[in-house]
Amino acid sequence: MDTSTLFSLEGRTALVTGGSRGIGKMIAEGLLRQGARVYITARKAAACDETAKELSALGTCVSLPVDVSTTEGIAELVKAYSAHEQSLDILVNNAGAAWGAGFDEFPESGWDKVMDVNVKAPFFLTQQLKPLLLAGAAGGRLAKVINIASIDGQSLNPMETYSYHASKAGLIHLTKRMAVKLAPEGIIVSAIAPGAFASNMNKEARDHADLVADHIPSRRVGVPEDMAAAAIYLASRAGDYVVGSTITVDGGVNIAR
């Protein structure tokens with residue numbers, strides 16, 4: 001048994017959606033630090049370019065700004081990535097959206113936007129990138145798809161985020177379905193369910209970390225290393241036998257709810 005290189009990503013390529021900020025940026029940085037070449041995408045080109053420039057100090061990080069909420073955007077991303085690489089080893093489906101409104105007022109637009117980004121995009125992006133993932137797996141190491149779900153897909157929080165709750169629960173189940181289909185072909189699909197991490201999407205954890213921490217058994221919000229560690233584990237040889245599972249990274253919130 002040799003465990004010395006279990007977590008190495010040297011020579012591997014990775015694509016992280018929603019990689020310009022928050023959890024996506026945490027994961028992108030972690031993969032870079034383990035030796036991967038990382039491509040990040042985000043809807044806002046300026047932010048995506050700026051993050052790629054910042055992370056390039058750690059290794060190869062390339063900005064591919066695009067909106068993955070549409071099939072046209074997904075096709076554009078696949079084309080842009082293919083201009084740089086002939087294979088893909090790690091796909092992180094992290095781009096996400098949320099919408100909060102009361103039950104009686106919840107709009108169809110708030111349902112469609114969230115479902116398009118959180119459920120539709122991970123499926124169709126993986127589908128369209130499958131040939132490149134298979135090419136990655138042909139090199140002798142398994143290709144990896146990591147879907148970023150949420151503890152709100154496992155249990156309820158008090159907020160009326162109907163489409164968000166449903167989308168993340170759906171993504172967790174979709175992960176299982178995709179995993180069973182793709183594992184025999186050398187593509188391993190798994191997921192991460194984050195709890196409270198400081199980000200633009202989780203402004204409470206970002207702006208009121210001490211108050212949020214009072215409701216977390218670990219008594220703190222997540223830090224970038226917590227998220228990077230989970231992604232590195234799943235992306236590397238260490239996570240090869242984790243198929244279709246969702247790893248909860250939340251300091252104990254979900255079991256304490």
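A salt bridge here is a side-chain nitrogen of Lys or Arg within 4 Å of a carboxyl oxygen of Asp or Glu. This is a predicted model, and a search of the whole structure turns up eight such salt bridges.

**Salt bridges**

Here are some of the pairs, with the N to O distance for each.

| E54 | K25 | 3.0 Å |

Let's start with E54 and K25, whose side chains meet in a salt bridge. That pair links distant parts of the chain, with E54 in helix 2 (residues 45–55) and K25 in helix 1 (residues 22–33), 29 residues apart.

D240 sits in the loop between helix 8 (224–235) and strand 7 (246–249), while K144 belongs to strand 5 (residues 143–148); the two are 96 residues apart. Are D240 and K144 buried or exposed? Both are buried.

Elsewhere, salt bridges with shared partners tie K144, R237 and D240 into one network.

**Helix 4 against helix 5**

The axes of helix 4 (residues 108–137) and helix 5 (residues 162–182) come within 8 Å and cross at roughly 15°. Angles under 35 degrees count as roughly parallel, so helix 4 is roughly parallel to helix 5. Their crossing is right-handed. On the helix 4 side, the contact includes W111, M115, F123 and K130, and on the helix 5 side it includes Y162, K168, L171 and M178. By class, the residues making this contact are 13 nonpolar, five polar and two charged.

**Two strand residues**

S190 lies in strand 6 (residues 187–194). Its relative accessible area is 2%, and buried means under 20%, so S190 is buried. What does S190 touch, leaving out residues up to four places away in sequence? The list is V145, I146, N147, T175, L234, V242, G244 and S245.

V62 is found in strand 3 (residues 61–63). Setting aside neighbours within four places in sequence, V62 is in contact with V38, Y39, I40, A52 and H84. V62 and T41 are 21 residues apart in sequence, and their C-alpha atoms are 8.6 Å apart in space.

Key
Residues are numbered from 1 along each chain as its sequence is written. This is a predicted model: local features need pLDDT of at least 70, side-chain atom pairs count only at pLDDT 80 or more; totals for chains, interfaces and linings use all residues. Side-chain values use heavy atoms; hydrogens and water are left out. Helices (H or I, at least four residues) and strands (E, at least two) are DSSP runs, numbered from the N terminus. Buried means under 20% relative accessible area, exposed over 50%, partly exposed in between (1.4 Å probe, protein chains only). Contact means heavy atoms within 4.5 Å. Axes are lines fitted to C-alpha atoms, for helices over the stretch in contact, and angles run from 0 to 180 degrees between N-to-C directions. Angles under 35 degrees count as roughly parallel, over 145 as roughly antiparallel, 65 to 115 as roughly perpendicular and the rest as oblique. A crossing is left-handed if the near helix is turned anticlockwise from the far one by less than a right angle, and right-handed if clockwise. Ala, Val, Leu, Ile, Met, Phe, Trp, Tyr, Cys and Pro count as nonpolar, Asp, Glu, Lys and Arg as charged, and the others, Gly among them, as polar.
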